[in-house]
Amino acid sequence: MNKFCLLLLCSFFSSWLYAQDFALKQLENSPRHHEWVEVQSNGRSIHSFVAYPEKSENALAVIVIHENRGLTDWVRSFADQMAAAGYLAIAPDLLSGFNDQYDKTSEFPSSDAAREAIYQLDPQQVTQDLQAVQRYVADLPASSSKVAVMGFCWGGSQTFRYATLSQDIVAALVFYGTAPDDYAELAKIEAPVYGFYGEDDQRVNATIEGTAQMMKKAKNTYEYEIYSGAGHAFMRRGDDPEGGEANKDAKTQSLERIKSILSQY
């Protein structure tokens, strides 16, 4: 391999590995306890990141479902932010055990490769993995046994979908993810669903009204906010120093709304 090709290759991997330095810095500066755990799901191990709050009583647990690039440093840093707000957060790597070559998100050669793998996942496997994670975190000694679910982008859609399948979560917080388009599925939801959307994200926003109508017909709670000037993935972009003021404002407002919602449980 010549020097030019080697330089390009190193640059490619560096952009994948270090694109979220701001998130790593947040994690490194956190005073909270973090740990990696292996959650067993049908003979598979789901690599999961846990962030504990610093508080004197048991905490509401929150499952954080990652974007379509897998369990990135930013998703882990957001789990830590949830712990900072007083919640016991767990972020599962749903690419765990993808194949013999790639056992977790960090082993994929690029974020694009991780994204391609995400869309090959069996929906039933995703459901079973989330159920296993929910049982695990609910049973932790520091947990109140109550569990909320939140997710971003692909994870937002998975959050909405999981709400149709789990009758014992206390709330579902959907960040710029779409809902199932089947009324019969939405009618199964028992937990309240809260949506968080960026104004400049019409691909997702075009589906909101139809979802709202079906949720109203089913007499289900669906409350959402659309944040002015924010784009898709504003929670992650709002953490990035170069993410833009509208995204930062939307992220700040969303954090306050999250705490207001979860304080009920």
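The buried residues of helix α4 pack against α6 (154–163). Here "buried" means under 20% relative accessible area, with exposed over 50% and partly exposed in between (1.4 Å probe, protein chains only). Packing rests on contacts, meaning heavy atoms within 4.5 Å. Helices (H or I, at least four residues) and strands (E, at least two) are DSSP runs, numbered from the N terminus.

A quick word on what you're looking at: this is a predicted model, where local features need pLDDT of at least 70, side-chain atom pairs count only at pLDDT 80 or more, and totals for chains, interfaces and linings use all residues. Residues are numbered from 1 along each chain as its sequence is written, and side-chain values use heavy atoms, with hydrogens and water left out.

Back to α4, which runs over residues 111–118: its buried residues are A113, A114, A117 and I118. They sit on the same side of α4 because they cover an arc of only 145° around the axis, the arc being that of the directions from the helix axis to the C-beta atoms. An α-helix has 3.6 residues a turn, so residues three or four places apart point the same way.

Now the whole chain. It holds 11 helices and eight strands, and 53% of its 265 residues are buried. The C-alpha trace spans about 65 × 40 × 35 Å along its principal axes. Of the contacts between residues at least 6 apart in sequence, 66% join residues at least 24 apart.

Leaving out residues up to four places away in sequence, L60 touches Y87, L88, S144, K146, V147, A148, V170, L262 and Y265. Q158, on the other hand, is 98 residues from L60 in sequence and 20 Å away in space, C-alpha to C-alpha.

Where does each one sit? N42 is in the loop between β1 (34–41) and β2 (44–51), while Y176 is in the loop between β6 (171–175) and α7 (183–186).

| Residue and property | Value |
|---|---|
| N42, relative accessibility | 59%, exposed |
| Y176, relative accessible area | 1%, buried |
| L60, relative accessible area | 7%, buried |
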